[in-house]
Protein chains: 2
Amino acid sequence: MENYQIDNLDKSILQALMNDARIPYAELAKRFSVSAGTIHVRVEKMKQAGIITGTKVCINAKKLGYDVCCFIGINLKHARDYQETIAQLESFEEVVEAYYTTGNYSIFIKVLSQSMDHLHDVLVNKIQSIEAIQSTETLISLQAPIMREIQP
Amino acid sequence: MENYQIDNLDKSILQALMNDARIPYAELAKRFSVSAGTIHVRVEKMKQAGIITGTKVCINAKKLGYDVCCFIGINLKHARDYQETIAQLESFEEVVEAYYTTGNYSIFIKVLSQSMDHLHDVLVNKIQSIEAIQSTETLISLQAPIMREIQP
DNA sequence: TATGAAAGACCGCTCCC
DNA sequence: GGGAGCGGTCTTTCATA
């Protein structure tokens, strides 16, 4: 888990695997003019170093009915209620991300819901039912024109 | 690409693959008491239906030096500058997500940077150099206690 | 139509150079 | 870092209910 300085080959491998985790090592070997064994060694090293943390399939949330994406800025009554509020938010499956932020809001969350009605339900019956929350501000995402990973 | 109503087996497969895309089909077959061929058929169908859009390795951005995560709310001088602004934002690799939102901001973006100095550079020399932008508000994320996918 | 079983091709892993 | 062999996995095909 110690630090490991990646080189250009590692970067190239990462970029390729970030687009498609199931690309064969032999294919990468050809592309970067090294042997498949080398690719394997590099990937293992990056796993060891904690750079590669796992693999995922990418899901199109809309096809599963989760059409509506929104962000909600939350202000707490007291900063000390932070931990407890996060715990409650975590119990709502619609809350997929939460950030503890500086700036206008105490907590900033991302919510996926199936419709405007569903979002309304999540807002009123779930999020705003948390006692520690003083106020919320909702930003509904109409479109997500950029959605990518950082380039190593 | 047409709609495809997923059943419980599909859901189970999705959930498993969302945690680890490289899990063998035979393992899933055992877990859900079906044959490996069936798993294969289901996965192919979900790919066809556009539910599964690909696979990715998960990267620990911090290990690559991208320590600082922040959100920036952007207000445009004119709503008509939207397309052009997105195009410019897209050219900055630090901008990993962008949303067109209702609410306080016209555009809402997520930015990853290597340090506070780097973030400052991105803000001043990249984002605020876009002429169509009237004002920005920055929310720096100190912690991300929740980070997950929607459960199918 | 969807599933299960088996065979062949392919891939990843390991050892040795 | 490169190359070869073994073991495991994926994919395909065919039979079945």
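Trainee: What rotation and shift superpose chain B on chain A?
Mentor: A rotation of 180° does it, with 0.0 Å of shift along its axis, and the RMSD is 0.1 Å. Keep in mind that this is a predicted model.

Trainee: How are the two copies related, then?
Mentor: As by a two-fold rotation axis.

Trainee: Which C-alpha in chain B is nearest the axis?
Mentor: That of B:Lys56, 2.7 Å from the axis. The copies also use the same surface, since 100% of the contact residues of chain B recur in chain A.

Trainee: OK, switching to the DNA. Which residues are around DNA strand D?
Mentor: From chain A you have A:Val34, A:Ser35, A:Thr38 and A:Arg42, and from chain B there are B:Pro24, B:Tyr25, B:Ala26 and B:His40. Of the atoms of DNA strand D that come within 4 Å of the protein, 88% are sugar and phosphate.

Trainee: Which helices supply at least two residues each of that surface near DNA strand D?
Mentor: Helix H3 (36-48) of chain A and H2 of chain B. Sorted by class, the surface has four nonpolar, three polar and one charged residues.

Trainee: New topic: helix H1 of chain B. What caps its N-terminal end?
Mentor: B:Asp7 does, with a side-chain oxygen 3.1 Å from the backbone nitrogen of B:Leu9.

Trainee: Which residues of H1(B) are buried?
Mentor: B:Leu9, B:Asp10, B:Ile13, B:Leu14, B:Ala16, B:Leu17 and B:Met18. Their cover includes strand E1 (52-59) of chain A, along with helix H2 (25-32), helix H3 (36-48) and strand E1 (52-59) of chain B.

Trainee: What span should that helix have?
Mentor: Its 12 residues, 8-19, should span 16 Å at 1.5 Å a residue, and the end C-alpha atoms are 17 Å apart, which agrees.

Trainee: Last one, B:Lys110. Buried or exposed?
Mentor: Buried, with a relative accessible area of 10%. B:Lys110 is in strand E4 (residues 107-113) of chain B.

Trainee: What does its side chain make a polar contact with?
Mentor: The side chain of A:Tyr99, at 3.3 Å. Other residues that B:Lys110 touches include A:Glu97, B:Phe71, B:Glu94 and B:Met147.

Key: Residues are numbered from 1 along each chain as its sequence is written. Chains are lettered from A and ligands numbered from 1 in the order in which they are written. This is a predicted model: local features need pLDDT of at least 70, side-chain atom pairs count only at pLDDT 80 or more; totals for chains, interfaces and linings use all residues. Side-chain values use heavy atoms; hydrogens and water are left out. Helices (H or I, at least four residues) and strands (E, at least two) are DSSP runs, numbered from the N terminus. The expected span of a helix is 1.5 Å times one less than its number of residues. Buried means under 20% relative accessible area, exposed over 50%, partly exposed in between (1.4 Å probe, protein chains only). Contact means heavy atoms within 4.5 Å. A polar contact is a pair of N or O atoms within 3.5 Å; within protein, one must be able to donate a hydrogen and the other to accept it, and residues adjacent in sequence count only if both atoms are side-chain atoms. A residue is near a molecule or strand if one of its heavy atoms lies within 4 Å of it. Ala, Val, Leu, Ile, Met, Phe, Trp, Tyr, Cys and Pro count as nonpolar, Asp, Glu, Lys and Arg as charged, and the others, Gly among them, as polar. Copies are superposed by least squares on the C-alpha atoms of residues with pLDDT of at least 70 in both. Lists of a residue's contacts leave out its neighbours within four places in sequence.
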